[in-house]
Each structure stands twice: as structure tokens, then as C-alpha cells.
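Here is a short tour for anyone meeting this structure for the first time. Have a look at the sequence and the model, then read on.

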Amino acid sequence: MYPASSSDTGRDPWPDGPRPAPVGASPAPRTGPGAEDDGDRRSGTRRRRDGEPARRPDDLPDAEPEEEPPPPVEVRRPLALAIGGFAALLGVGLVLAAQTSGPGHRLPFAIVVLGVQMLFVLAWTTALRPPAMWLVAGVAGVAAVVADVAAVRMEEARLTPLVYVAAAALVSAVLGQLVRRVDRARVTDSLRGTALIVMGVVAFATLILLSRVVAGTQTITVGLLAAGVALTVARFTDGFAAWPRLAPQVPRGASGVVGGAMVGTLVSALLGSYLVAPFTPTKAALIGLVAAVAAVLADLAAGYAEAGRLMAGEPPTMWVARHMQGPLGGFALAAPAAYAMCKLVF
């Protein structure tokens, strides 16, 4: 009998560690703490130890700092009061000049309106700076004279001739800009500004038309007085309490805009109770409301436009022209608004 023995007798026993892989086979993945450390070393990252704070996204080198919003524009009280005073003087001047108008005696009122139109051309052309600026200013000045003459001399007070004058002036200004090769590329971008200058200066001529219709002089008094009071109250309120701010870059407050329109409407209603028929407090309040809202919105839009130009990097315009722009634009829009309300109410 042979002794019982294994065929593996004399070979080294298997070690306590893992069995080696067969020849040609890929090694099995390692497990355990050592495998994690080795994987971290290969990936170039470091494991967070117990008690060590995690890295925040702000600590990463690629994190960009958040941009802080720009600080709001400071509201300068003396400037706001000065603009409000200018609006008050402009409104009083136009209202008093309208009282001198009568059949066959409209030249003094037309001269006052022409002076306001020249101020409008100076302020808005300097502020907007359209291509061929002096050409646009000259065309607008000629359009103002032609519109005033047409409003005085036409047999029947009609708005159509003034529309023709504004259209012809706009076409002439645009053609003059296209002639110059330097300004040709900017014509499309500045078309709105050129149209505002030309149409605004012609809009003042509707006051002369309004003085020739029934209850027109009273409508001028009610409408322009409401617009002047609204602009003055709005600017004075901004000087003392420009709150809540409508935009950080615009030194205007909602309380001034809304309060100015309300006070202007109230003043027009009180004035309507003292005027003769066909005026009533209700009709005067409607005319004053439309004129006051149109004035304060135009004034506010001028402020937004100026802030937009400054944010775009354009150099600031002349100081006087920049701050006259808003009240002049307010009265330019209030004049046709009062004319339209006179035609609707009476």
C-alpha cells in the first residue's frame, strides 16, 4: 500500500494575502483604504481629513467676483428747484402771452411762441446731437417760422398745414444728413432724434391755432397752467423727496411725477369753476389732466434719454441745454394735447 499523499507535496503554501492572478489576466481592482489613497494620488486631488473645512466655491482661483450695482445718482436739490422754477416761468409766460391774442392781433403771441421754439431747437439739438447737427437745427428753425406764419395767416384754423410743414422739414433734414458721407451711417440710428426735434418745434405752433378757435384761449390757459404746475410740483418734490426712485441712474421719484399730475389736474378744475361757459370744472379737469400727464411724462422721458446716453459712454452735453430739455419737451407735448382735447370736449 502506498501512503496517502497529495500531488502538491513539497510546494509552498498559499500566502495569507490574495491569490495571484493567472498569467495574462488583468489585475483585480484594489479595495480598502489604501486603494482610495492611491486613487486620490492618481487623480491629483486630496481627500478632506476629519475636522478640515471643505473648500468653498469662492476659494477657487477661477471664481469671478460678483459685480456690484452702480450707486444711484445723487439728487441735487438746487438743480431740481432751478428746473422747477424754469418750468413755472415758461408756463406763466405762455399763458400771459395767450391773453394778448385776439382777432387780427396774434403777432405778439406768435413772437413769444417763436422764442420758445428757438429755445427748444437749441436745447434738444445740443442734447441729442444728431448727424449734421447745425443742418438739423437750421431746418427746424425754418420749420418753426413757416409753421407760425401758416398758423397766423391761414383763413381757417386747421392742423393739416402744420403736418405738411413737419413732414417736409423731416425729409429735408434726413436728405441733408445723407449728403454727407461721414454722417450717412448714423442717419438710421438718429432718425428718431431728428423726428423729435422737427415735430416738437412744430407742435408749439398748435398754440397759435388754438387761439383762433372757440374757447381756445381759455383752453390754453387751463392746459398750460396745469402743465406748468405739474412740472413745477414734480421737480420741487424731487428736490426734497425723490422717493421711490424710478431708476438708480435717473434722479427722479415716482411721488413727484404722480403728485405733479394730480396737483395740476386739481388746479385746472378750480380754474374751470371761475371760467365762463362752455367751461365747467369737469371739462377743465379733463383738459388739465391730459395736459399735465403729457407734460410730466415727456419731462421724465427726457431724463431717461439723458441717462441712457451717459451710460452708453457719450460725453455729457451742455449743462444748460441738458436741464432745459425736459420742461421744453413737456410743453411741446402739452400743446397738441390741449388742442386735441379742445376739439373733443367742445
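## The second largest pocket

The second largest pocket has about 530 Å³ of volume. Its lining counts 24 residues, and Leu 79, Pro 251, Glu 306, Arg 322 and His 323 sit closest to the centre. Two or more lining residues come from each of helix 2 (77-99), helix 9 (216-241), strand 2 (250-253), helix 11 and helix 12.

A pocket is an open set of points on a 1 Å grid over the protein atoms alone, where a 1.4 Å probe fits and protein lies on both sides within 12 Å along at least five of seven lines; lining residues have an atom within 4 Å of a point. A volume is the space filled by probe spheres set on the points, which are joined across faces, edges and corners. Nonpolar covers Ala, Val, Leu, Ile, Met, Phe, Trp, Tyr, Cys and Pro, charged covers Asp, Glu, Lys and Arg, and the others, Gly among them, are polar.

## How to read the model

This is a predicted model, where local features need pLDDT of at least 70 and side-chain atom pairs count only at pLDDT 80 or more, while totals for chains, interfaces and linings use all residues. Residues are numbered from 1 along each chain as its sequence is written, and side-chain values use heavy atoms, with hydrogens and water left out.

## The chain as a whole

The chain has 12 helices and two strands, in the order α-α-α-α-α-α-α-α-α-β-β-α-α-α. Helices (H or I, at least four residues) and strands (E, at least two) are DSSP runs, numbered from the N terminus. Of its 346 residues, 42% are buried, and buried means under 20% relative accessible area, exposed over 50%, and partly exposed in between (1.4 Å probe, protein chains only).

## The largest pocket

The largest pocket holds about 1000 Å³ of space. It is lined by 37 residues, with Trp 124, Arg 192, Gly 193, Ala 195 and Leu 196 nearest its centre. Helix 7 gives the most to this lining, with nine residues. The lining of the largest pocket splits into 24 nonpolar, seven polar and six charged residues.

## Salt bridges

How many salt bridges does a search of the whole structure find? There are six of them, a salt bridge being a side-chain nitrogen of Lys or Arg within 4 Å of a carboxyl oxygen of Asp or Glu. In one of them, Asp 299 pairs with Arg 235, with the closest N and O atoms 2.7 Å apart. Asp 299 lies in helix 11 and Arg 235 in helix 9, so this pair ties together parts that are 64 residues apart in sequence. Both Asp 299 and Arg 235 are buried.

Asp 299 also forms a salt bridge with Arg 252, at 3.4 Å between the closest N and O atoms. Arg 252 is in strand 2 and Asp 299 in helix 11, so that link joins parts 47 residues apart in sequence. Arg 235, Asp 238, Arg 252 and Asp 299 make up a network of salt bridges. Glu 306 has a salt bridge too, with Arg 309 (2.6 Å, N to O). Glu 306 and Arg 309 are about one helical turn apart, because they sit three residues apart in helix 11.
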